[in-house]
Amino acid sequence: VSQSRYLTQKAAFSTPEAPPTPVSSSMIVRLGPGQTPPVIRLAAGFVSSLVFIDSSGAPWPIAAYGVGNPETFNIQWDQTSNTLFIQSLKNYAHGNIAVRLKELDTPVMLSIVTGQREVDYRVDLQIEGRGPHAIAPIVPVKTATEVKPHLINFLDGIPPELSTKLNIVTGK
C-alpha cells in the first residue's frame with residue numbers, strides 16, 4: 001500500500017476528536033416524585049452496559065424497556081437478565097429510557113446523552129428496595145418481626161424516608 005493511500009484511509013476512518021475516557025460507576029436510583037433521573041453518557045461506536053441491582057446487591061431482572069428515540073439508540077437485551085447494552089448511533093444526541101423491573105410498579109427513568117468527554121462503559125444502577133432475588137436481610141426473620149422495618153432497611157443500606165445526610169468532620 002502506498003504512503004498516500006495509507007494516509008487517505010487513515011484520515012477517512014479517524015475521528016476528529018480523541019476517544020472518550022471509559023468510566024465504570026454505580027448509582028443509587030431514587031424513584032420518588034421529584035427525583036432527577038440518572039444520566040447515562042454514551043458515545044457512538046461504544047457499548048455501555050446498564051446493570052440493575054437491588055439494595056442487597058442482588059440482580060433485579062428487567063421486565064421490559066422503551067427508548068425515547070429508537071432511530072438514535074440501539075439497545076440489546078437477552079429477555080431474561082438484569083443488564084441492558086446500549087449504544088448511540090449518532091455522535092450528538094439525547095433521549096431517555098424507561099425500564100420496567102420485575103415486581104416493581106414504578107418504571108426506572110434514565111436520561112441518555114452522547115458527545116461527552118467520558119463514556120459510561122458500565123453503570124450499576126442500585127434500586128432502593130429488595131428485588132425478587134434479594135439476598136436475605138441482615139437481621140434474622142424472627143428478630144425482624146421485633147424490629148421496626150425502617151431499621152432493617154437502614155442495615156441494608158436504605159436510609160429512612162426524609163432523612164438527610166450528615167457530614168461529620170473529626171478533629172484531633
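## Where two strands meet

In this predicted model, Ser49 sits opposite Arg122 of strand E9. Strands E3 and E9 run parallel where they pair, and five bridges hold that pairing.

Zoom out a bit and you get an open sheet of five strands, ordered E1-E9-E3-E6-E5, with mixed pairing. E1 (residues 21–29) and E5 are the edge strands; each has a single partner, so one side of each has no neighbour in the sheet. On average, neighbouring strands here are turned by 20° against each other, if you ignore direction.

## The nonpolar core

Now for the greasy part. The largest nonpolar core has 23 residues, and the members that touch the most others are Leu50, Phe52, Leu101 and Val108. In soluble globular proteins, nonpolar side chains tend to be buried together.

Leaving aside residues up to four places away in sequence, Phe52 touches Ala58, Pro59, Trp60, Ile62, Asn82 and Leu84, along with Val99, Leu101, Val108, Leu110, Leu125 and Ile127.

## Two aromatic pairs

There are two aromatic pairs in the structure. One is Phe46 with Tyr121, a tilted pair with 6.2 Å from centre to centre and 40° between the planes. This pair links distant parts of the chain: Phe46 is in the loop between E2 and E3, Tyr121 is in strand E9, and they are 75 residues apart. Buried or partly exposed, where does Phe46 fall? With a relative accessibility of 22%, Phe46 counts as partly exposed. Tyr121, at 35%, counts as partly exposed too.

The other pair is Tyr65 with Trp77: the ring centres are 6.2 Å apart and the planes stand at 80°, so this one is edge-to-face. Tyr65 belongs to strand E4 (residues 62–67) while Trp77 is in the loop between E5 and E6, so the pair ties together parts twelve residues apart in sequence. Tyr65 has a relative accessible area of 31% and is partly exposed, whereas Trp77 counts as buried because its relative accessibility is 14%, and the cut-off for buried is under 20%.

Conventions
Residues are numbered from 1 along each chain as its sequence is written. This is a predicted model: local features need pLDDT of at least 70, side-chain atom pairs count only at pLDDT 80 or more; totals for chains, interfaces and linings use all residues. Side-chain values use heavy atoms; hydrogens and water are left out. A nonpolar core is a set of buried Ala, Val, Leu, Ile, Met, Phe, Trp, Tyr and Cys residues joined through side-chain atoms within 4.5 Å. Buried means under 20% relative accessible area, exposed over 50%, partly exposed in between (1.4 Å probe, protein chains only). Contact means heavy atoms within 4.5 Å. Rings of Phe, Tyr and Trp (its six-membered ring) pair if their centres lie within 6.5 Å; planes under 30 degrees apart count as stacked, over 60 as edge-to-face and the rest as tilted. Helices (H or I, at least four residues) and strands (E, at least two) are DSSP runs, numbered from the N terminus. Two strands pair if DSSP finds at least two bridges between them. Axes are lines fitted to C-alpha atoms, for helices over the stretch in contact, and angles run from 0 to 180 degrees between N-to-C directions.
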